[in-house]
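User: Please take a close look at the part discussed first below, then set it in its surroundings. Give the cut-off for each term as you use it.

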Amino acid sequence: MSVSVEPAGQATTSAGAAPDVAEEAGQALRPHAEDAFAAELAALAEQDDRPRPARWLLSPWAVATYLLGGTLPDGTVITPKYVGPRRIVEVAVTTLATDRALLLLGVPGTAKTWVSEHLAAAVSGDSTLLVQGTAGTPEEAIRYGWNYAQLLAHGPSRDALVPSPVMRAMSEGMTARVEELTRIPADVQDSLITILSEKTLPIPELGQEVQAVRGFNLIATANDRDRGVNDLSSALRRRFNTVVLPLPESADAEVDIVSRRVDQIGRSLDLPAGPEGIDEIRRVVTVFRELRDGVTTDGRTKVKSPSGTLSTAEAISVVTNGLALAAHFGDGVLRPGDVAAGILGAVVRDPAADRVIWQEYLEAVVRERDGWKDFYRACREVSA
Amino acid sequence: MTAPEEHGRGEAARAGAAGDSRVGAGGPLLLGVRHHGPGSARAVRAALDAAEPRVLLVEGPPEADGLVGLAAEPDMRPPVALLAHVVDEPGRSAFWPLAEFSPEWVAIQWAVRRGVPVRFMDLPAAHALARGEPAAPADGEAEPAGSPGGEGEAAAGPESAVSPEEAVLIDPLGALADAAGYDDPERWWEDVVEHRAAGGDVFAPFDALGEAMGALRETYGSGGHDRDLVREAHMRLQLRAAQREFGGEDVAVVCGAWHVPALREKVSVAADRAVLKGLPKVKVDMTWVPWTHRRLSRHSGYGAGIDSPGWYGHLFGAPDRPVERWLTKVAGLLRDEDRLVSSAHVIEAVRLADTLAVMRGRPLPGLTETMDAVRAVMCEGSDVPLALVHDRLVVGDVLGEVPESAPAVPLQRDLTRLQRRLRLKPEALERELELDLRKETDAARSRLLHRLRLLGVGWGEPAESRGSTGTFRETWRLRWEPELSVRVAEAGVWGTTVLAAATAKAEADAVGAAALADVTALAERCLLADLPDALPVVMRVLADRAALDADVGHLAQALPALVRSLRYGDVRGTSTGAVGEVALGLAERVFVGLPPACAGLDADAAAAMRGHVDGVHVAVGLLGELADAEGGGDAGGVRGRWQRVLRGLVGGERVAGVVRGRCARLLMDDGVLAEGEAARFMGLALSPGTEPGEAAAWIEGFVGGGAGGGMLLVHDERLLGLVDAWLTGVSGDAFVDVLPLLRRTFAAYEPGVRRTLGELVRRGPGQSGAALLTEGAPGFAAELDQERADSVLPVVGLLLGLGDGEIRGGAGQVSTAGGRAGRSGNRLVGVA
């Protein structure tokens with residue numbers, strides 16, 4: 001996802017967001033949170049009578065409700081965006097309200113980006129002030145760059161300056177997002193320190209500075225497993241409140257998350273929804289959980305864990321993939337054969353070791369299980 | 001959690017309940033509290049200061065009236081508990097724990113300091129314990145000890161956390177919280193009571209709470225707590241008596257809020273008397289015992305079900321700004337653990353906690369909010385340091401103290417005396433104690449700890465000694481749990497002193513022991529605990545048992561412990577003559593019984609038998625040594641007979657392979673087998689006629705296990721050759737069968753040994769000497785550099801303790817000196 005793509009949704013409620021080139025609503029492959037849930041946000045804003053921090057579109061309480069779901073006094077149903085411990089969302093929202101930067105940690109696929117996007121959407125009405133962290137993220141992406149044509153023609157001036165999303169968020173009192181913070185090289189990471197502690201961004205070339213307006217804050221996400229890539233410096237770490245997003249606690253919760261997201265994605269891809277799918281989703285989640293935890297759900301048999309993370313997000317993509325297969329090449333009903341290939345792809349990341357683990361799992365666990373015959377056969381077929 | 005919005009309803013409910021804590025004019029001051037609630041405690045203190053009653057009635061056993069004065073002693077430090085136990089059955093007991101922040105404790109302190117008489121008004125423990133409900137930890141939940149109210153509340157305290165078996169009972173606090181829209185009773189209570197700032201009418205909280213409880217009891221009656229009716233009848237009688245004596249207005253009552261409506265009720269004296277009539281009764285002793293925070297936090301057993309005594313203690317103790325002080329404390333702890341926590345962290349954590357509280361609609365940040373803040377700000381989202389905070393601060397390591405003047409069970413007094421004399425202080429925190437048994441005091445300490453262990457008072461647990469394997473060293477892990485006071489009280493039946501009680505207990509245990517090994521273990525413990533009077537009884541029982549026991553396994557298990565105790569006897573200067581005799585007798589029985597017991601065993605039984613053989617072998621070795629030292633003539637005899645037994649086993653046709661292999665190995669290690677004999681036995685065992693599985697088992701027995709197992713094969717090439725030849729001769733099918741067994745054997749070897757073995761096998765059994773060298777180490781010349789090798793010889797000679805001449809004398813001599821390490825001179829030189 002890049003910063004420049006900013007399709008405006010239907011009835012944007014965002015006050016601070018610059019109006020964009022109007023696009024047909026619903027055209028975007030993946031609309032932004034503030035567009036997709038514009039109605040909910042509007043309803044919340046209308047009903048919300050609690051005090052709002054400066055430049056917040058909603059009160060912290062309403063933001064939490066937006067993420068966790070609920071029913072408003074007038075009967076508007078707010079769908080849950082995040083299924084997980086309430087405590088986590090409360091701490092996250094409160095952190096933003098205390099103008100401390102928020103760091104969302106977690107293994108891949110624990111909805112870090114998802115939560116950060118929705119938080120930004122609910123707090124500032126704009127989730128697009130985003131810096132995607134990569135190994136090649138330059139300092140300009142966090143501070144500011146220059147329009148060189150302007151710079152050469154007119155010399156350094158504010159007009160020649162290209163603000164980064166973070167800079168824009170500061171000057172407009174919005175929520176900025178930094179994805180995959182630990183992928184960013186350490187020296188570039190450190191350019192956040194002044195921003196977070198002094199709440200100001202000096203522009204030495206112009207002898208000016210941009211001071212953060214009240215309401216500015218920053219949400220960063222980082223991967224637990226990435227710690228080795230570029231560790232967060234302790235100086236930077238101190239400036240964040242850290243919230244660790246856990247893996248779903250129970251199989252039921254995970255099935256719920258998967259089916260909810262699959263449904264959403266399926267709708268946006270115009271896939272027909274199969275009612276029988278839930279059994280297959282449960283199966284995918286069971287396989288993922290068992291391999292991830294290294295033990296079967298009945299706690300009797302140990303299994304080896306493959307090298308992949310087998311996150312919920314991967315389960316979602318396996319099921320979505322299966323649905324697409326079923327819709328286009330099958331009879332529209334999600335069947336074992338449709339998910340088998342996807343599971344194989346998710347599990348076997350290391351062709352040698354993981355394949356053995358998968359075969360063992362198939363023979364030792366899947367074959368014996370009641371009602372899993374079709375699945376076993378399908379898996380054998382794709383594994384062979 | 002509930003949406004903060006709903007909190008408003010809770011407020012309303014609370015505000016709506018207004019009343020008067022005095023029953024009409026001239027009524028007593030009824031202070032209904034939540035046991036162990038710091039807010040209640042503070043409110044009670046304020047109310048007492050304001051009302052200045054002339055007598056104080058507290059919910060608790062009246063037997064403790066005489067002990068109240070002790071509460072004012074400087075040596076008395078909460079948490080403590082009132083312990084009631086049946087006089088001739090100390091195991092039946094009940095507890096009333098009191099923490100620093102318990103309203104009852106605060107009230108008692110207030111009264112005792114001012115010389116205001118304090119009376120306990122609950123049903124006497126004599127009745128409560130006589131009902132046979134009692135005191136075992138499991139039952140404690142239902143009676144005084146364990147109810148979450150702690151304080152003699154049969155789960156009727158307003159704070160009861162409902163345990164499964166009580167689920168049918170009504171949980172008053174839960175009902176109120178539910179009415180207020182809270183799903184967690186604890187939180188509701190914290191919000192509406194504990195976190196209320198002081199100020200305003202000091203009686204108002206009690207009025208409101210009493211009113212609410214009244215409404216509850218109108219709806220639910222006794223709420224399933226039928227025993228409460230009896231208790232409340234007694235409370236009313238006590239209340240009336242106090243009122244008669246001191247006048248109606250000058251009586252203050254501190255009891256669980258649940259009971260307040262019952263105390264207000266107008267019931268005739270006759271009716272109350274009728275309820276109490278004919279209750280069973282036992283003779284009860286009462287005393288104070290020290291308690292710990294950890295114990296308060298337990299829901300079962302003797303706990304009071306307070307999840308966070310440390311936090312409550314903090315709330316009660318902090319003069320102001322409790323959250324700031326708490327988070328500073330947390331930061332201090334984390335700093336001590338070398339975590340980077342600055343004042344800035346504390347500031348941010350306070351801000352986060354405050355905002356979280358607002359967000360959740362709570363008047364003040366509670367424990368949940370502060371812990372969430374600590375996790376997000378100070379612990380980088382990790383639960384690991386948080387667990388430390390929970391353990392050290394939220395629960396906390398606080399051990400109460402009781403003055404020595406508190407009545408104690410006689411045994412307890414003796415123990416206290418010993419503890420003082422030996423300078424062993426009972427402490428809640430686990431610590432290690434190193435004892436040097438050659439020193440007088442340390443030996444006495446060791447004896448005391450061993451005796452207490454015999455009595456079931458697990459104050460110290462023996463730990464593995466570090467560094468030293470000497471028998472004169474002992475390491476103990478000490479940890480005084482408050483329930484040990486109960487154990488001491490229980491052990492009181494065995495005697496009035498630790499020594500007498502331990503002796504009596506050991507004798508009784510010996511007679512009642514189920515297995516032979518138990519008796520030998522007991523004998524060992526008697527020696528360790530230095531109970532010479534108990535030993536004869538134990539030995540007699542042991543001899544009787546050994547004679548009757550037909551299972552050699554049992555005997556074989558019993559022998560090592562017995563022999564070990566013989567060895568300890570030395571160090572401790574105990575007379576072990578009797579034990580030695582018994583041990584020898586036992587060994588003989590084993591020798592006789594072993595050969596037949598080794599025949600026709602399946603794999604598991606054979607493995608167990610192999611273990612027995614090993615154990616007996618070590619024991620016999622020790623036994624022989626001891627006999628040697630004493631110059632006994634029988635010494636060589638024991639070992640000689642054992643070797644004959646082993647020899648018999650090695651040749652036994654029907655003996656399991658693993659046992660035979662083991663016996664051969666033991667004989668060989670002892671140096672009893674002649675040069676070629678081991679190889680002959682191995683050849684026999686591995687000859688093609690033997691079933692491969694059996695042969696593999698033999699190998700397992702012979703070279704498996706232990707550190708030296710693999711070295712044997714490394715150094716004795718002939719044996720290795722035999723194994724190799726056998727293995728290559730095994731048919732393909734049979735190989736699959738023996739593979740797991742062999743794998744198990746060889747997998748136990750150290751990696752180095754395995755590698756050397758692998759290399760030896762790769763070179764092939766026939767090749768040695770120069771051929772070995774040529775193939776071997778890359779980077780070395782193919783031929784031996786005689787000159788350089790010679791220059792090493794003097795050092796080798798020195799190492800082997802040979803003269804210079806001998807070394808130069810000839811390769812053959814060197815190789816002999818080198819033992820199995822080198823069968824040829826070339827080899828040794830090569831190694832050097």
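This is a predicted model: local features need pLDDT of at least 70, side-chain atom pairs count only at pLDDT 80 or more; totals for chains, interfaces and linings use all residues.

Analyst: Residues are numbered from 1 along each chain as its sequence is written, while chains are lettered from A and ligands numbered from 1 in the order in which they are written. Helices (H or I, at least four residues) and strands (E, at least two) are DSSP runs numbered from the N terminus. Axes are lines fitted to C-alpha atoms, for helices over the stretch in contact, and angles run from 0 to 180 degrees between N-to-C directions.

Two strands pair if DSSP finds at least two bridges between them. Strand 9 of chain B is joined to strand 10 (residues 473-478) of chain B by four bridges, and the two run antiparallel. At B:Gly460, the residue standing opposite in strand 10 of chain B is B:Leu478.

Chain B also touches chain A. This contact takes 16 residues from chain B and 19 residues from chain A, where two residues are in contact if their C-beta atoms, placed from the backbone, lie within 7 Å. On the side of chain B, helix 15 (343-359) and helix 16 (367-378) are the elements that give two or more residues. Helix 15 of chain B gives the most to that side, with six residues. By class, the side of chain B that touches chain A has eight nonpolar, three polar and five charged residues. Here Ala, Val, Leu, Ile, Met, Phe, Trp, Tyr, Cys and Pro count as nonpolar, Asp, Glu, Lys and Arg as charged, and the others, Gly among them, as polar.

Helix 3 of chain A is mostly covered, with nine of its nine residues buried. A residue is buried if 20 or more other C-beta atoms lie within 10 Å of its own, exposed if 12 or fewer, and partly exposed in between, with C-beta atoms placed from the backbone. The buried residues include A:Trp61, A:Tyr66 and A:Leu68. A:Gly69 follows helix 3 of chain A and has a positive phi, near 85°.

Chain A as a whole has 17 helices and 11 strands, and 46% of its 384 residues are buried. Five of its strands form an open sheet in the order 4-7-10-3-11, with parallel pairing. Its edge strands are strand 4 (130-132) and strand 11 (240-244) of chain A, and the twist averages 20° from one strand to the next. Strand 3 (residues 101-106) and strand 10 (residues 217-223) of chain A run parallel and are joined by five bridges; A:Leu105 has A:Ala222 as its bridge partner in strand 10 of chain A. Helix 8 (residues 165-172) of chain A lies across strand 4, strand 7 (175-179) and strand 10 of chain A, at about 160° to strand 7 of chain A.

One helix pair in chain A is helix 15 (residues 336-347) and helix 17 (residues 373-383), which pack at an angle of about 50° with their axes 8 Å apart. Helix 15 and helix 17 of chain A are therefore oblique to each other: angles under 35 degrees count as roughly parallel, over 145 as roughly antiparallel, 65 to 115 as roughly perpendicular and the rest as oblique. Helix 15 of chain A passes helix 17 of chain A in a right-handed crossing; a crossing is left-handed if the near helix is turned anticlockwise from the far one by less than a right angle, and right-handed if clockwise. Among the residues making the contact are A:Ala340 and A:Leu344 of helix 15 of chain A and A:Phe375 and A:Val382 of helix 17 of chain A.
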